[in-house]
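Here's a quick look at some aromatic rings and charged side chains. Have the structure open while you read.

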Amino acid sequence: ANIDDKMFLEKKIISEDKSTEKKETEKKFVKKNRQLNLHIKEIKEKQFQLSKLLEKGFQSMESVKLMISTAEAIQQNYVDLIILHQEFAFKFDYESVLWKSAFHNIITQFRNFLESENIPKKVLQDIGKLYWQFLQSGIQFLDMIIVNLEEHHGFSLQDYLKDPVLMLTCKKQVKLALRSCHLLLIFIGDLERYIAQLQQESSYEQAILRYKDAQILVPKNGKSYNQLAVVAVVAKRKLDAVYYYARSLQASNPILSAKERLTAIFQEIKKKARLFDQHHYQTPVIGSNLGVFNGSNAAPETHSKYNHHNIQAKKNSDHLSHEVWTFIKNGHMFKVMLTEDNNVVDLTLNSSLAKVTNANFNNIEHDKLTLRKVNKGFMIHFLLLHSMLYTNIGLENFTLVHQETLSDLTTLLQHPKASSIKQESLLKYMAINLFAIHNILDKQDTLNVVHGTSLDLAILFGMDMFSILAKHSAQLIKEKGPCDQFMPALRTWMKWLANHCELVMKSSVSSMFDVWTRCCELFNCLANIKNGLTDKN
């Protein structure tokens with residue numbers, strides 16, 4: 001009986017302890033909700049006050065200062081919401097609401113005022129100073145929230161930036177905190193960008209660093225890529241702008257406004273390409289009846305359309321071995337055709353350009369393309385190709401621009417220090433090639449590839465570019481030369497090719513013997529490296 005009574009008492013005590021614990025939990029929950037509701041109520045009141053002030057505009061310095069103090073009060077009310085109420089912050093996206101209500105709206109007001117006309121210089125200077133202070137204090141405030149998140153949840157942001165794999169095994173609360181850090185870093189990047197614009201700086205390094213850190217934390221969110229593209233547009237870096245907008249659209253959470261931005265960039269590229277070709281080549285690539293040097297052949301020593309030893313080859317898009325070669329020597333132009341069976345046919349008499357005057361030839365001789373211009377030409381022609389694929393306009397000129405781009409690439413490969421063939425640049429080129437293919441696929445209902453259509457041309461160009469890099473890398477491996485800068489781009493394309501081989505085999509690439517030969521050559525060289533068999537032979 002005593003034992004039964006003892007067990008009964010123990011069960012009763014445990015039951016009472018659980019009941020007490022449950023009541024304590026309920027009390028904490030009620031208290032937490034009360035605090036949450038209080039913060040939300042205060043925020044709504046302050047947001048209403050700020051909206052009224054923004055409607056009145058910048059009437060005086062005192063009104064501007066009142067706007068700033070009200071915005072700062074809203075900021076402070078969000079601190080506990082973001083740090084202590086992570087689940088609610090995630091559910092209601094408090095970070096974005098904070099940005100819009102306490103930063104974005106007032107920044108828009110500042111920028112509109114500073115761009116206004118007929119404002120006294122002294123007033124502009126005073127308002128500009130307040131704007132700068134507001135941006136700086138905003139950066140400090142958002143950085144403070146990140147530090148508080150680290151302390152409250154017991155993690156180091158730098159650890160996750162150095163090794164993102166750690167996010168796979170971290171606790172739920174830490175994951176939610178890292179998500180908050182991701183958004184806060186984007187907003188800090190925006191503030192850094194506004195400061196750079198206010199001070200008329202050409203460098204946006206601080207903004208770029210923040211955006212890239214945000215991208216590491218949540219790589220599937222298109223927002224960080226979109227903001228990097230915005231910086232690239234302002235800095236007039238067209239390749240980076242196209243690359244980041246493409247990444248933004250291919251993300252799991254895409255920024256759909258990037259579609260319109262890409263269209264606008266490609267319109268600019270078309271104009272720029274036309275001016276570039278007219279200035280440097282005299283006869284533009286687009287609309288020219290002349291063929292162009294095919295990048296799959298050996299590059300000329302000097303890349304110039306009108307060089308003494310210049311060779312221009314014209315191939316059809318189906319990669320038949322029928323070629324037209326053009327030579328210029330002593331002021332005369334010679335054209336020959338090389339047929340499939342290796343016969344040579346003289347076409348000089350049929351050419352309307354058989355004679356070049358000595359005066360014109362001397363002028364052309366001085367217009368040789370420098371490596372810098374070839375580098376620029378490659379980027380412009382590459383982006384021009386993708387403008388055709390993206391807008392589906394101008395595809396009748398695709399083959400000519402395709403061959404010109406490959407010609408530029410072949411020349412640049414002889415100069416490894418050229419900026420367009422650096423490791424990072426090549427990766428961007430490959431990523432844009434992949435984007436072009438999948439962007440077209442997204443618009444189609446099927447995976448069918450019709451020869452000569454934009455999808456077929458996108459696959460064809462991507463494989464051509466890959467095969468040229470493969471051939472060059474294989475040669476470097478045989479000669480025991482450095483080829484590290486090409487391997488990440490090649491590896492990216494090979495991984496895609498392994499997963500999409502059926503799609504590629506439906507395209508016209510399936511009949512291109514030279515492309516597959518170069519692939520095999522590269523694979524053999526890589527296998528020989530693994531087996532320790534590589535030598536100069």
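Phe103 is buried in this predicted model, with a relative accessible area of 1%. Phe134 counts as buried too, at 2% relative accessibility. Searching the whole structure turns up 20 aromatic pairs. Phe103 and Phe134 make a tilted one, because their planes sit at 45° with the ring centres 5.9 Å apart. Phe103 belongs to helix α4 (residues 94-114) and Phe134 to helix α5 (residues 121-153), so this pair ties together parts that are 31 residues apart in sequence.

Then there's Trp493 with Trp496, an aromatic pair that is tilted. Both of these Trp residues are buried. They are three residues apart in helix α17 (residues 487-499), which means about one helical turn separates them.

Here are the two pairs in numbers.

| Pair | Centre to centre | Angle between planes |
|---|---|---|
| Phe103 and Phe134 | 5.9 Å | 45° |
| Trp493 and Trp496 | 4.9 Å | 45° |

Arg193 lies over the face of Tyr194, 5.0 Å from the ring centre, and Lys443 has its charged end over the ring of Tyr390, at 5.3 Å from the centre.

What about Lys238: buried or exposed? Lys238 counts as buried because its relative accessible area is 16%, under the 20% cut-off. Lys238 is found in helix α10 (residues 238-250). Leaving aside neighbours within four places in sequence, Lys238 is in contact with Ile265, Glu268, Ile269 and Leu383.

Note on methods. Residues numbered from 1 in each chain as written. Predicted model: local features only at pLDDT ≥ 70, side-chain atom pairs only at ≥ 80, totals over all residues. Heavy atoms only, no water. Helix = DSSP H or I, 4+ residues; strand = E, 2+ residues; numbered from the N terminus. Buried < 20%, exposed > 50% of the residue type's maximum accessible area, 1.4 Å probe, protein only. Contact = heavy atoms within 4.5 Å. Phe/Tyr/Trp six-rings, centres within 6.5 Å; stacked < 30°, edge-to-face > 60°. Lys NZ or Arg CZ within 6 Å of the ring centre and 35° of its normal.
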